[in-house]
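The sequence and the model are shown first.

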Amino acid sequence: MLPHKQIELKLQAAVRAVLPDADTAMVLVRPCPDPKFGDYQSNALMSLAKSRKMNPRQLATDVVAKLDVGDWCEPVEIAGAGFLNFRLKNFVLTQTLEAAARGEHLFFEQAAQRRTAIIDFSSPNVAKPMHVGHIRSTILGDCLTRTLRLLGHRVITDNHIGDWGTQFGKLLVGWKKHLDPAALKTDPIAEMERLYKLMNAAGEADEKVLGEARQELVKLQGSDAENLRIWREMIALSQKQFDTVYARLGVKFDHALGESFYNPRLKPLVDELLAKGLARESEGAIAIFFDDIPQLKERPALIRKNDGGFNYATTDLATLAYRLETWHPDEIIYVTDGRQQLHFQQVFTAFRRWQAVLSEGRVTRAPNSSGEKSLGLSELAPPKIDVKLAHVWFGSILGEDGKPFKTRSGETVKLSDLLDEAEERALKIVSEKNPDLPEAQRREIARVVGLGAVKYADLLPNRQSDYVFNWEKMLALQGNTAPYLQYAYTRIKSIFRRGELHEPQISENRGSQSSPLRNGNISLSTTEEIALAKHLLNFGLTLEAVAEEYRPNFLCNYLYELAGKFTSFYENCPVLKADDAMRASRLALCDLTARVLKQGLETLGIETVEQM
Ligand code: ARG
């Protein structure tokens with residue numbers, strides 16, 4: 001077990017010894033923000049003391065008296081209002097590194113409690129191009145998936161594609177009257193988008209068009225064969241485009257249950273909410289009111305329109321019920337832009353109420369007359385009452401002018417064009433730096449660097465702030481960028497090439513005992529080596545923080561600091577020229593750094609190359 005975990009367990013035990021009824025799940029150990037004060041820190045005692053109206057320093061003193069971490073740490077210090085600071089003993093540091101060098105861990109471990117999480121992300125809309133707004137959801141969702149899986153959790157990814165809704169009325173009218181089959185063949189998405197825009201404009205000018213669209217929609221909802229066929233074709237054409245983008249980004253989904261999948265569940269759901277008194281009629285529509293919640297007071301969630309159609313919130317409630325019934329998750333994570341905050345507040349609040357009513361007395365209804373079961377939640381396996389619902393929202397991508405990022409002609413930027421441009425720009429840089437590499441290799445490097453740059457630029461800022469899209473900045477080889485980290489990785493690899501050394505190849509060759517890097521002793525003699533080593537130890541803590549707060553930027557910054565600490569180590573400590581024992585120890589540090597960099601980038605969804 002890694003030292004920070006041992007310390008955490010001991011700390012939790014000491015807290016329980018002092019406060020037998022305390023919930024110690026939140027008693028955590030984190031990296032110390034300032035190495036001056038120690039390696040790890042815990043601020044948990046302060047909030048525990050606060051909630052119990054105790055003196056925090058007194059509580060800290062009592063806990064430390066029961067705390068038995070002498071195997072790993074120097075004497076624990078109580079600081080400030082009741083922080084605990086832990087400083088690792090040096091031999092613990094070297095032992096942990098040696099175990100990592102032997103391939104026993106890479107500074108993280110599987111979560112003690114394995115959770116099931118559903119991540120709902122990307123979720124583009126049929127008949128529309130995927131645009132830059134979808135890139136953030138796709139990249140963030142993919143990174144959270146990778147992080148949780150790395151920590152041993154069970155993750156189910158579901159792409160909630162927008163394949164149902166009123167837009168299909170207009171699209172159907174456009175398709176039937178104005179379709180250009182040749183254009184549909186060459187660029188189906190552009191053609192469908194053209195039809196939609198055409199009908200939208202026509203609808204604004206002429207009420208009659210809207211009437212037609214409504215009729216086509218009603219026919220589709222009534223399973224008219226012709227309309228169903230066209231609708232399916234639109235979905236298939238869109239899916240092809242989505243798949244191309246996902247393949248380029250290296251993103252996969254376990255499921256892609258679009259909105260239409262939930263259609264049969266919507267009517268029974270609304271009926272059930274009405275019957276339970278959770279929704280009521282208002283001006284011909286049906287809505288859930290939240291009069292008791294100040295911020296939602298004037299904002300009821302519509303679940304049925306006055307024309308009988310259902311709403312976005314209705315589908316999301318049905319989706320939630322289905323997911324609980326099917327996968328029994330502990331946690332559901334929705335990744336969308338910040339404009340959907342109100343929507344998810346409404347959905348989550350409505351859902352909690354629905355759950356509360358159900359847990360008061362479960363109603364089991366008989367199958368209805370058609371033999372089909374009603375699909376309300378009450379029919380389902382008991383829902384997990386404590387399922388955690390998280391809306392992981394993000395800000396917008398802005399252009400240099402501070403306005404939403406657009407093409408020169410003012411169109412939204414298509415994701416595929418953006419990725420093309422990233423690769424082209426990267427190719428230019430790579431070709432300038434390495435004119436002698438064969439073209440195929442330069443193109444491969446450019447692909448990895450270009451895509452990496454775009455992904456990293458998206459993950460690095462605090463996700464809730466808007467960020468300005470800037471090609472030069474994200475592709476720079478200096479600064480906190482993907483190319484810088486990818487380059488740092490290749491530089492370490494080149495040390496091994498120059499030394500004509502074979503790397504230990506831990507994962508591929510677990511059995512090999514011959515490599516001196518695998519079994520050698522690690523000795524840390526300089527401050528740079530110690531700083532690098534301690535930072536390596538924080539990899540797992542960083543991953544845990546990403547998973548807990550859904551913030552990949554923690555990992556970006558961790559890797560950037562790692563590259564910086566490696567640079568100062570490499571500038572100050574000779575590696576290949578050191579004597580044998582020191583050389584082996586330092587090479588092991590190089591190798592561990594490279595492996596953490598690679599694993600970290602991979603967790604961000606970013607590839608590496610061996611040479612740049
Ligand atoms: N299709 C929606 C959009 O493009 C996002 C769906 C997000 N997921 C959900 N369960 N509502 O805005």
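Helices (H or I, at least four residues) and strands (E, at least two) are taken here as DSSP runs, numbered from the N terminus. The model is a predicted one, in which local features need pLDDT of at least 70 and side-chain atom pairs count only at pLDDT 80 or more, while totals for chains, interfaces and linings use all residues. Residues are numbered from 1 along each chain as its sequence is written, and side-chain values use heavy atoms, with hydrogens and water left out.

**Helix α5**

Ser137 is placed in helix α5. Burial is judged by relative accessible area with a 1.4 Å probe and protein chains only: buried is under 20%, exposed is over 50%, and partly exposed is in between. Ser137 is counted as buried because its relative accessibility is 4%. Contact denotes heavy atoms within 4.5 Å. Not counting residues up to four places away in sequence, Ser137 touches Phe121, Ser122, Val335 and Phe394.

Leu144 also belongs to α5, which spans residues 132–150. With a relative accessible area of 2%, Leu144 is buried. Its contacts, leaving aside neighbours within four places in sequence, are Ile119, Ile333, Val392, Val546, Tyr550, Arg551 and Pro552.

**Nonpolar cores**

A nonpolar core is a set of buried Ala, Val, Leu, Ile, Met, Phe, Trp, Tyr and Cys residues joined through side-chain atoms within 4.5 Å. In soluble globular proteins, nonpolar side chains tend to be buried together. The largest core holds 143 residues, of which Phe86, Leu97, Phe107, Leu418 and Leu604 touch the most other members. Helix α15 gives the most to this core, with 10 residues. Leu604 touches Cys143, Lys455, Tyr456, Leu459, Pro552, Leu555, Cys556 and Leu559, not counting residues up to four places away in sequence. A second, separate core has 36 residues, including Tyr262, Leu273, Ala318 and Trp327.

Leu273 is also one of the buried residues of helix α11 (residues 263–275), together with Arg265, Leu266, Pro268, Leu269, Val270 and Glu272. The buried residues of α11 pack against β8 (285–288), β9 (301–304), α12 (312–327) and α13. After α11 comes Gly277, with a positive phi near 75 degrees.

**Cavities and a pocket**

On a 1 Å grid over the protein atoms alone, a cavity is a set of points where a 1.4 Å probe fits but cannot get out; a pocket is an open set with protein on both sides within 12 Å along at least five of seven lines, and lining residues have an atom within 4 Å of a point. Grid points are joined across faces, edges and corners, and a volume is the space filled by probe spheres set on the points. The structure holds 2 cavities of 30 Å³ or more.

| Space | Volume |
|---|---|
| Largest cavity | about 100 Å³ |
| Second largest cavity | about 40 Å³ |
| Second largest pocket | about 940 Å³ |

In the linings, Ala, Val, Leu, Ile, Met, Phe, Trp, Tyr, Cys and Pro count as nonpolar, Asp, Glu, Lys and Arg as charged, and the others, Gly among them, as polar. The lining of the largest cavity comprises 10 nonpolar, 1 polar and 1 charged residue. Helices α14 (415–433), α15 (439–459) and α17 (482–498) each supply at least two of its residues, and α14 gives the most, with 4.

The second largest cavity is lined by Leu273, Leu278, Ile288, Leu317, Ala350, Arg353 and Trp354. Helix α13 (residues 341–360) gives the most to this lining, with 3 residues.

The second largest pocket is lined by 28 residues, and those closest to its centre are Ala25, Leu28, Ala111, Gln113 and Glu548. Its lining divides into 11 nonpolar, 5 polar and 12 charged residues. Helix α1 supplies the largest share, 5 residues.

**Cysteines**

How many disulfides (pairs of cysteine sulfur atoms within 2.5 Å) does the structure hold? There are 0. Cys73 is in no disulfide, and the nearest cysteine sulfur, that of Cys32, is 12 Å away. Cys73 is buried, at 3% relative accessibility. The sulfur of Cys556 lies too far for a bond because the closest cysteine sulfur, in Cys143, is 7.2 Å away. Cys556 is likewise buried, with a relative accessible area of 0%.

Methods
Disulfide = S-S within 2.5 Å.
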